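Here are my notes on this one, written as I went through it. Have the structure open beside you while you read.

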Amino acid sequence: CSPACKAPIGALQAGEQGLMGVFNAAGQMVDFQTVDNMNQLDFRHLAAGTYVLRIDVEGRQAARTISIE
């Protein structure tokens, strides 16, 4: 597993939960999860490529691009 296949959730504070969508280069949602600051995301099920993670926590949004090889 490359470093990109697991990533901590840094956008969440202790005790917060959020919704995370994972989008491929075509803009299609390929994964959706409820996450908290204790989760480690596992992307091993995704094909190689570039993805955008979008996390929404109580109206706050964060996005991060990851590449999986």
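Predicted model: local features only at pLDDT ≥ 70, side-chain atom pairs only at ≥ 80, totals over all residues.

1. Strand 5 (residues 49-57) and strand 6 (residues 60-68) run antiparallel and are joined by nine bridges. The two strands make a hairpin, with two residues between them.

2. Reading along the sequence, that gives β-β-β-β-β-β. Of the contacts between residues at least 6 apart in sequence, 49% link residues at least 24 apart.

3. On surface and interior, buried residues account for 30% of the 69 residues in the chain. The chain exposes about 4400 Å², and 49% of that comes from carbon and sulfur atoms.

4. D31 is the residue I'd click on next. It sits in strand 3 (residues 29-36). Is D31 buried or exposed, and what is the nearest side chain of opposite charge? D31 is buried and has no salt bridge; the nearest side chain of opposite charge belongs to R44, 11 Å away. For a salt bridge, a side-chain nitrogen of Lys or Arg would have to be within 4 Å of a carboxyl oxygen of Asp or Glu.

5. What does the D31 side chain join up with through a polar contact? That would be the side chain of Q33, at 3.0 Å. Leaving out neighbours within four places in sequence, D31 is also in contact with M20, G21, V22 and H45.

6. Last stop, L19, in strand 2 (residues 17-23). Why does L19 get called partly exposed? Because its relative accessible area is 42%, and the partly exposed class runs between the buried cut-off of under 20% and the exposed cut-off of over 50%.

7. Not counting residues up to four places away in sequence, L19 touches F32, Q33, T34, R54, I55 and D56. As for F32, its C-alpha atom is separated from that of L19 by 7.4 Å, with the two residues 13 apart along the chain. Q33 also turns up in the polar contact with D31.

Definitions and conventions: Residues numbered from 1 in each chain as written. Heavy atoms only, no water. Helix = DSSP H or I, 4+ residues; strand = E, 2+ residues; numbered from the N terminus. Buried < 20%, exposed > 50% of the residue type's maximum accessible area, 1.4 Å probe, protein only. Lys, Arg positive; Asp, Glu negative; His and termini not counted. Polar contact = N/O pair within 3.5 Å; in protein donor to acceptor, adjacent residues only side chain to side chain. Contact = heavy atoms within 4.5 Å. Areas by Shrake-Rupley, 256 points an atom, 1.4 Å probe, with all protein chains shown as cover. Pairing = 2+ DSSP bridges.
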